[in-house]
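Open the model in your viewer and keep the selection panel at hand. This tour says what to pick next and what you will find there.

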Amino acid sequence: MDEQLKSELRRQGVVATSLQELYNWGRRSSLWPLNFGLACCAIEMIAATMARYDLARFGAEVFRPSPRQADLMIVAGTVTKKMAPQVVRLYNQMPEPKYVISMGACAISGGPFKQGYNVLKGIDRYIPVDVYIPGCPPRPEALIDAFLMLQKKIDEQYLTGPNRPRHLNADMPSEFVVPEFGTHDLVPTQNSEVWKAPLVNISIAGKNESGRD
Amino acid sequence: MNLEEIKSEIETNVPGCRLEIIPNGSPSGQHSLLVDADHAFAAAAYLRDAPNRQFDYCSNATGIDWPIKEVSTKVKTKKIVDGVEKDVDEVVKTQTGGYLEVVYHLFSVELRQGPLVLRMRTEDRAERIHLPSLTPLWRSAEYQEREIFDLYGVMFDGHPDLRRLLMWEGFEDHPMRRDYVDPDDYEYEPTAHDEVLKRAQAHVAAEGGR
């Protein structure tokens with residue numbers, strides 16, 4: 001439908017929309033996050049929900065204590081290897097459609113504890129992440145920005161076609177491998193369907209900024 | 001609080017106890033008391049219960065790994081070379097370490113004193129790694145001793161619940177030991193260098209080159 005005509009109609013008190021728009025509007029306007037935090041980023045997440053930053057303005061004030069009722073997982077903090085299976089299991093228990101925000105340096109890559117003996121190098125090794133927020137910890141504004149980014153992402157999704165979201169595609173997995181505790185590391189160390197080590201040309205690594213693939 | 005006094009007090013009250021004062025050369029001058037493992041529990045009990053000491057609070061317990069290390073020191077000696085006496089630098093090699101150490105910080109809230117730094121050492125790093133647990137004396141040591149067991153592998157005899165704390169059940173090795181080799185979960189680094197570059201190259205070679 002023509003955008004100009006649509007806004008013209010709206011000015012006259014007539015709302016014209018499509019099913020896709022309505023569907024996406026419904027999904028994006030009531031993202032219910034899962035109520036859990038892993039480390040200091042969770043404090044910023046809590047701050048974002050309280051009166052000063054007021055995440056409720058964007059429809060995400062209902063933090064659910066059960067994964068069965070949540071749409072959004074905010075991985076807020078360091079994921080230790082001991083905690084990783086539980087995080088993946090919680091994600092698996094969430095119903096589709098579900099989204100993940102990886103909040104802070106630790107949840108993205110391990111952050112300052114990357115070389116630690118018990119720190120997972122990013123939750124995206126096991127579950128698909130929609131929005132990454134860098135920062136240590138990110139400010140509440142950054143979390144709100146991530147929310148807006150996720151809402152924008154949902155808004156732009158098509159309900160049909162090859163690029164339709166995972167929950168509308170029966171062939172796509174909605175559960176992911178829960179790692180098990182090995183003798184020295186998690187088994188497997190990564191879910192290769194979700195994450196692959198980025199390619200880097202080792203022969204010139206660290207020598208030349210351009211030319212990296 | 002005089003460490004010499006405490007040392008002689010323990011020596012008279014705990015017969016057979018071998019104590020040593022480990023000096024601290026830094027400006028804080030926080031010298032510590034090394035106690036032998038066999039009498040450590042009795043000595044600690046004395047420190048807690050003696051009316052003039054009353055160390056009623058254990059604020060901290062931690063572990064240290066001392067691998068075997070060769071230390072060479074230069075010693076000036078006089079030697080007769082070709083019939084003439086000369087000053088010669090001689091390198092003396094000595095071995096230190098080869099044990100695990102546990103450090104406790106004790107305070108007396110009652111007498112406003114502390115910290116008293118108490119140390120214990122195991123005999124080696126592989127087999128004879130048993131030390132007495134001080135948890136029966138200070139409950140605050142319970143989790144910290146579990147952590148030391150987890151990360152350094154010190155076995156605390158008399159601990160009520162000696163399980164791993166941070167790592168999972170089934171994990172092998174003790175990650176805070178100096179010779180711990182972490183799992184090879186190589187990952188891309190934008191500025192790979194030194195050790196990371198070597199590991200990255202090994203991985204690339206294993207994957208068939210890039």
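This is a predicted model: local features need pLDDT of at least 70, side-chain atom pairs count only at pLDDT 80 or more; totals for chains, interfaces and linings use all residues.

**Stop 1: chain A as a whole**

Select chain A and colour it by secondary structure. It comes to six helices and five strands. Follow the chain along the sequence and the order reads α-α-α-β-α-β-α-β-α-β-β. The C-alpha atoms fill a box of roughly 65 × 40 × 35 Å, taken along the principal axes. Chain A has 213 residues, and 40% of them are buried. Now think about contacts along the chain. Among contacts in chain A with a separation of 6 or more, 73% join residues 24 or more positions apart.

**Stop 2: helices α2 and α6 of chain A**

Select residues 19-28 of chain A for helix α2, then residues 140-155 of chain A for helix α6. How do their axes cross? They come within 9 Å and cross at roughly 155°. An angle over 145 degrees counts as roughly antiparallel, so α2(A) is roughly antiparallel to α6(A). The crossing is right-handed.

Show side chains next. From α2(A), pick Asn24(A), Trp25(A), Arg27(A) and Arg28(A). From α6(A), pick Gln151(A), Ile154(A) and Asp155(A). These residues make the contact between the two helices. By class, the contact has two nonpolar, two polar and three charged residues.

**Stop 3: Ala47 of chain A**

Select residues 41-49 of chain A. This is helix α3, and Ala47(A) lies in it. Ala47(A) and Arg139(A) are 92 residues apart in sequence, yet their C-alpha atoms are 9.0 Å apart in space. Ala47(A) touches both, not counting residues up to four places away in sequence.

**Stop 4: Asn191 of chain A**

Move on to Asn191(A), in the segment after β5 (186-187) of chain A. Its relative accessibility is 7%, and under 20% means buried, so Asn191(A) counts as buried. Which residues does Asn191(A) contact, leaving aside its neighbours within four places in sequence? Select Arg125(A), Tyr126(A), Phe176(A) and Val177(A) to see them.

**Stop 5: helices α1 and α2 of chain B**

Switch to chain B. Select residues 3-13 of chain B for helix α1 and residues 40-49 of chain B for helix α2. Their axes come within 10 Å and cross at roughly 115°. The range from 65 to 115 degrees counts as roughly perpendicular, and α1(B) and α2(B) are therefore roughly perpendicular to each other. This crossing is right-handed.

Which side chains meet here? In α1(B), show Ile6(B), Glu9(B), Ile10(B) and Asn13(B). In α2(B), show Ala43(B), Tyr46(B) and Leu47(B). By class, the contact has five nonpolar residues, one polar and one charged.

**Stop 6: Phe41 of chain B**

Stay on helix α2 of chain B and select Phe41(B). It is partly exposed, with a relative accessible area of 33%. Not counting residues up to four places away in sequence, Phe41(B) touches Pro132(B), Ser133(B), Leu134(B), Pro136(B) and Leu137(B). Then draw a line from Phe41(B) to Gln201(B). They are 160 residues apart along the chain, and their C-alpha atoms are separated by 52 Å.

**Stop 7: aromatic rings**

Show the aromatic side chains over all chains. The count comes to four aromatic pairs. One of the pairs joins Tyr57(B) and Phe107(B): their ring centres are 6.4 Å apart and their planes stand at 40°, so the pair is tilted. Tyr57(B) is in strand β3 (residues 57-66) of chain B, and Phe107(B) is in strand β6 (residues 99-108) of chain B. The pair links distant parts of the chain, 50 residues apart. Tyr57(B) is partly exposed, at 39% relative accessible area. Phe107(B) is partly exposed too, at 28%.

Next, select Trp168(B) and Phe171(B). This aromatic pair is edge-to-face, 5.1 Å centre to centre with 85° between the planes. Both Trp168(B) and Phe171(B) are buried. Together with Trp168(B) and Phe171(B), Phe181(A) forms one aromatic cluster.

Note on methods:
Residues are numbered from 1 along each chain as its sequence is written. Chains are lettered from A and ligands numbered from 1 in the order in which they are written. Side-chain values use heavy atoms; hydrogens and water are left out. Axes are lines fitted to C-alpha atoms, for helices over the stretch in contact, and angles run from 0 to 180 degrees between N-to-C directions. Helices (H or I, at least four residues) and strands (E, at least two) are DSSP runs, numbered from the N terminus. Angles under 35 degrees count as roughly parallel, over 145 as roughly antiparallel, 65 to 115 as roughly perpendicular and the rest as oblique. A crossing is left-handed if the near helix is turned anticlockwise from the far one by less than a right angle, and right-handed if clockwise. Contact means heavy atoms within 4.5 Å. Ala, Val, Leu, Ile, Met, Phe, Trp, Tyr, Cys and Pro count as nonpolar, Asp, Glu, Lys and Arg as charged, and the others, Gly among them, as polar. Rings of Phe, Tyr and Trp (its six-membered ring) pair if their centres lie within 6.5 Å; planes under 30 degrees apart count as stacked, over 60 as edge-to-face and the rest as tilted. Buried means under 20% relative accessible area, exposed over 50%, partly exposed in between (1.4 Å probe, protein chains only).
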